[in-house]
Each structure stands twice: as structure tokens, then as C-alpha cells.
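Student: Please give me a close look at a single chain of the model shown here. I should like one connected account of its sheets, its domains and its contacts.

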Amino acid sequence: MKASIAVDELMTSGHQACQGCGATLTMRYALKGLGKQTVVCLPACCWTVLSGAAPRCSIGVPLLHAPFASAAAAASGAKAGLSARGDDKTTVMAWAGDGGTYDIGIQALSGAADRNEDIIYCCYDNEAYMNTGIQRSGGTPFGAWTMTTPGKEGSPRPKKDLDAIMEAHSIPYIATATPAYPEDMVRKFAKAKSIKGFRFIHVLSPCPPGWKSDTDDTVKLSRLAVQTGMFALYEIENGKFKLNMNVAKRKPVGEYLKPQGRFRGLTPEATSVIQADVDTRWTGYAKRQANGA
Amino acid sequence: MKKVLMGNHAATIGAVLSRVQVVAAYPITPATQVIELIADMTAKGEYKGKFLRVESEHSAMAALLGASTAGARTFTATSSQGLAYMHELLHWVSGARLPVVMVDVNRALAAPWNLWTDQTDSLSQRDTGWLQFYCATNQEVLDTVIMAYKVSEKLLLPSMIMLDGFTLSHVYEPVDVPDQKAVDAFLPPFAPTTRLDVDNPGAFGSLETPKPYFRIRRRMAVDMDRAEALVEQVGSEFERSFGRGYGAIESYRSQDAEVSLVCSGAVGSTAKQAIDELRAEGHAAGLLRFRLFRPFPTQALKRLSRPDMKLAVVDRNYSPGHQGIFCEEIKAALYGTKGAPEVYGFVAGLGGGDITVELLKEMWHEVKNKTADPVSPLWMEDAR
């Protein structure tokens, strides 16, 4: 039987992630798509810890740690340095969480995207500052409990539309992915590798301790996020929008929200607000899909 | 070849002659022309390396962190608020043992806004693990950039080179621009033993526990301790190649002086005239000009100090709640030395105020006449 994704592993066992971590699956698939000739640049995030303390390292490619706000800038410099030495082939990927992307890292991210730096930027989005113990970030969705939005109502603000911000930078490639769909994710990283310029990949990455979900529900929640329409799988290539999974009959958002303890305080009214938001977004996706732009 | 250059352009030419491979920079007054010339030389094909027009100083230094780890020779320039904004990265780059070279055009820190020369910007970065050089002429700026690469790449520690905002950055002086071949002979290409290499993958900057962290810092301290001798050695090598020698501290007519001014930066040039005038008036006056501040040149200071030569330290900087920073560091370096000289501090020229020949002579007389206080600094202003 032919495997649907590469068999080679560039991520090893022995990493220090929590049980059921979506970000380990994501790194594993990303490296399958990118291959060995890759440099990863990490700001402060869960992966800073789970890659392993020195002298251990759980990925088989060079890894550069960098300060929290600087992933995109450090990756730009690494690419420039390799290129100055005559190596134009190695792919440089910045790999940051939602805090390092939506919040503290957005200036460097915007700068690098604006310059159309020849790097891949992947945000593995677990929707809060999980490494420091579940505090709200710009990626935290409406109604989600965190340690800094501790009331029953959870986060008072909706999730920042980062993909729209990135699209406003006129970059050649934007894609979304989530680990329940490995073939889709591996394909997107491989495709990103083949494109020159700034490429942005947004991955929804379930986090059992932060989402208060069962550790064996990671893939299920990742899939439900897509099936309910909470997280859409699409690509925007040179401004052309393409839905990768047109979920004609979306499941109600409650099926995704209910298994997660972080949404325990949601009232039926708040759930309706979330459902209405998803429906509005999908009307927009359908229009873009029809227009091919 | 002799050229008439502003200090900022002397810095750029020094970096380009050093065959820098990656420049990442953000504009700030009064350092902007350093990177404008890089852009100009890029457009004309005279600079063939990479130039990243980043969106902030924080990102400038982060980009150099990436580029230097990739094995490239790197350069940037900044000033004042920009340097303060880089602070987090300054610690990171030295801790990562990367030989980045940066020019800082000394400018006062806000508030209130001020554009003019003041050393508090660079001196407040003294604990970041960077070597610090203070220049007195545009020639020295160009030469020090080239020497800094040699020193930094041997030590694997970064260097910061200071020139006074406007006083040097925007003032044109005749500068002898060395021949590229001579610079190539003096400065070999950067050849790090570890770098980002897909054939030999490693992690850079990973979490360390207290024991290895302590030992890594201890090793950095040991390398900083050998930096002073290396700076002197590279300064002598430079003299053999280019005819201009540089040490950690320049001594001017201090051998038999009863009071010596201690200066740094462009004030070091003005002070020579003050010393000449004092000598002409029959006074035993001398000057010690600090070129190196980090590592602190304790050996050179002890070699040039005498029990019977009082020191009048001129600080264009101030550590609130304490003293001028050169003054406090000189006192600390001499503490416990048998027959250490008396040290007096003067704070002057903050925010770009003129430190004139007259003001410097006045300071000299304050010490000579025993009217200065050895504990608290005297704040001195140009009378005009």
C-alpha cells in the first residue's frame, strides 16, 4: 500500500509536549512536507520547551531560538545569512504560537510580510498563551475561558481575523490547516516550499490542558472544528481564494464547543452568536469561492 | 585614498571594506546616513551583500541574530531610543556568542525629546555583554569598525562602536580610506565553527539548567577578561598594516602631569587643545582618553595611573542616584590599588551641550585648586 504522506520522520519521540498536543502532530506533518533542507526559527512558545532542553532536540533540522517578538525578523535574517553564503535552497520557517503571532510578534510579522521575505511563517494556533498557563491572546475566541478571562462569560472579544490581516499584505501564499487532515496539511507545507516569497500557514492546533478537553479528543476536535465550520480549510494563492473543504452541511457549532471545558460557561444566547458568526463567515467564503478571488 | 567624510559615512565605508554580508537597519536621527549610504552603495553595486529594510530596531538586531547564526558577517547602526529598543536582543546576541558589529551614534534619551550627543544611551547597555569603543575622530570610526570585526570574531562577542551625534556623525573630516586589498589582508573572512547547517543540524539557544548556564556565563566572563589585551594586540597589528595605532586608552602629555583630564568620544579631541593651552600657561596637564569601555580597560588604566597624578573625569552621561559612569567605573577599577590616584567627577554636556576648551580648563583647575569634591560629581555648564 502506498502511504498518503511521507514515511520519513524528522521529528523524534522524546519531546516534552503534554499528552494529546496538537502542536506535535503539526510539526511532524510540517516537516514531512518541507523535508530535511529546512531551518526552523522559534520564538518563545510551547515549542521552545517541547523541542527539548539542551543538549536534546526532538527535530532533525537546525533550530534557532529567538526572543518572543522576533520570529519573523530572526527568520528573515537567517534566510539572508544563508543566502549571503550562497545557499538559496534551504527553506527557513518561523514557527510561532498565537501569542507570538497575533500579539507580541505581529510587528515583526507584518514587516517581514511587507518586505515579502522568502520565508514560511507558520502560526500553530492553540488560541491562548498555553506555555505560560492559559492566558488570553488575540487568538482566543469569543466566550472561551482562560486564566485572564476567568468569568463565566469567558473572552469578551472575538478572535482577531489574522488571515485577513495577512491577506492585506499581498503575499503569494496563505493557507489554513489542522492536524485532523494530515494529507491536506503536508500538501500545503510542500506547496509553500515550492513558492518564493512570504508564505503564511495558519494551523488550528488543539490543546487539551488549555481547552479543557480529553487528551484523546485532539484529532476529533480538530475535525469537528472543520465540520462545524468554526475553522475553514482554504488557500489564498496570489489573491485567489480556494476552499479546500466545502462543508455543505455544517454540523451545529455546539458539537465542537460542548466537549471543551473552556466553553462550559457559554449560554445558549452566546452559542447562537458564535453560530451566527460562523454562518456569516461561510456566506463570505461561498461568495469568494464563486468569484474565484 | 584621502576622502572628506562625515562620521556616519566613515562607519558605512568601514563596514563595506570589512566585506559585511548582511545589514539590517532602521532609520533614526542622527545615525540615518549610515544606512542611507548602504542603500546607495547597494543601488550602485558597490555593496553586494544583503540589506534588510526592517520595520524596527528590535527586528534589525533579531535579523542579525539569524544572519550571524547562519554564518554571515553582519552590521547595523542605530542611536538612542533605537538602541534602547534593541536591548532585549543585545543580551541575546552576546549570550549566543555572535560577533555582530554595530555603530551607535551617541544621542540623549527622552524624555524630554533631545537629538544631540550624550553617552547615556550606550552606557546604559554596558551590562549586555558587548564590547564598547568610543571614537574621537571620523578616521577612528572607520578604523575601529574594521578592527572590531577582527576582535569580535576572535572572541565570539559582539562590538558596539560609538561616535558623537552631530559632532562626529554629521561633521566632515579628512579620512584616509584604506585599500580593499590591505583590509582583506588584515581581516580574514568570517569562518565560524558552528552555524545553521542542514547537514549538521543543531539547536541554538535551547533551554539550559542552572549549572551549564552558570558555566556558559563564566566562559563569557573569561573571554571578556582577555578582550583588553586582544584589543591592544589588534590595534598594534592595525598600525603595522595601516600606520595608525590604537590602544585601549590614549595617553596625551600625561607622563609628568599632576592632574589629567579623563575623556571619551569627541571630547577627547577638544581636550587635547585644552591640555596644550594649560601646558602653555605653565601647568602640568595631561589627558587619558578612553577608547575602550567594555571590557573596562583596568590594565591600561593602572599602567597609566600614578599616585601623584589626580584624575578629573569628564562624563557626558549620568547614572541617576550615583555618578557619571566613567567616573564610578574608574574608582571601582582603582579600588584597592596601592597608591591609587585621587579621582574627581564632572558631569557636563548632557543632551549635546558644548564641552568647550574653557570648560575643560575650568574642570582641570577645580581639581588642581582642590575645590572639587571626590565623592559627588560637579555639574558644569558652558558659561555662554
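Tutor: In chain B, six strands make up an open sheet with mixed pairing, in the order E10-E12-E11-E14-E15-E16. Its edges are held by strand E10 (249-252) and strand E16 (378-380) of chain B, each with a single partner strand, so one side of each is left without a neighbour in the sheet. From one strand to the next the twist averages 25 degrees. Helices (H or I, at least four residues) and strands (E, at least two) are DSSP runs, numbered from the N terminus, and two strands pair if DSSP finds at least two bridges between them. Within this sheet, strand E11 (residues 259-264) of chain B is joined to strand E14 (residues 310-315) of chain B by four bridges in the parallel sense; there Ser260(B) stands opposite Leu311(B) in E14(B).

Residues are numbered from 1 along each chain as its sequence is written, while chains are lettered from A and ligands numbered from 1 in the order in which they are written. The model is predicted: local features need pLDDT of at least 70 and side-chain atom pairs count only at pLDDT 80 or more, whereas totals for chains, interfaces and linings use all residues.

Chain B has another open sheet, of seven strands, whose order is E3-E2-E4-E5-E7-E6-E13 and whose pairing is mixed. The twist averages 20 degrees from one strand to the next. Angles run from 0 to 180 degrees between N-to-C directions, and axes are lines fitted to C-alpha atoms, for helices over the stretch in contact. Strand E5 (residues 101-106) and strand E7 (residues 159-164) of chain B pair in the parallel sense over six bridges, with Met102(B) opposite Met160(B) in E7(B). E7(B) is also joined to E6(B), by four bridges and again in parallel; Ser159(B) in E7(B) is the bridge partner of Leu131(B).

E6(B) is covered on both faces: Leu131(B) and Phe133(B) on one side, and Gln132(B) and Tyr134(B) on the other, are all buried. A residue is buried if 20 or more other C-beta atoms lie within 10 Å of its own, exposed if 12 or fewer, and partly exposed in between, with C-beta atoms placed from the backbone. In a regular strand the side chains alternate between the two faces of the sheet.

Helix H2 (residues 32-43) of chain B lies across E2, E3, strand E4 (74-78) and E5 of chain B, at about 130 degrees to E3(B). Helix H7 (residues 138-155) of chain B lies across E5, strand E6 (131-134) and E7 of chain B, at about 170 degrees to E7(B). The 18 residues of H7(B) reach 25 Å from first C-alpha to last, close to the 26 Å expected at 1.5 Å a residue; the expected span is 1.5 Å times one less than the number of residues. Of those 18 residues, 16 are buried, so H7(B) is largely enclosed by the rest of the structure. Leu156(B), which follows H7(B), has a positive phi, near 55 degrees.

Helix H9 (residues 210-225) of chain B has 16 residues, which should span 22 Å, in agreement with its end C-alpha atoms being 22 Å apart. The number of buried residues in H9(B) is zero, so this helix lies largely in the open.

The domain assignment, automatic or from a database, divides chain B into domain 1 (2-240) and domain 2 (250-380). In contact (C-beta atoms, placed from the backbone, within 7 Å) are 28 residues of domain 1 and 22 residues of domain 2 of chain B. On the domain 1 side, helix H6 (120-123), E6, E7, H9 and helix H10 (227-242) of chain B each supply at least two residues, and the largest share, four residues, comes from E6(B).

Finally, chain B touches chain A through 39 residues of chain B and 38 residues of chain A. On the side of chain B, the largest share, ten residues, comes from H3(B).

How values were computed: Two residues are in contact if their C-beta atoms, placed from the backbone, lie within 7 Å.
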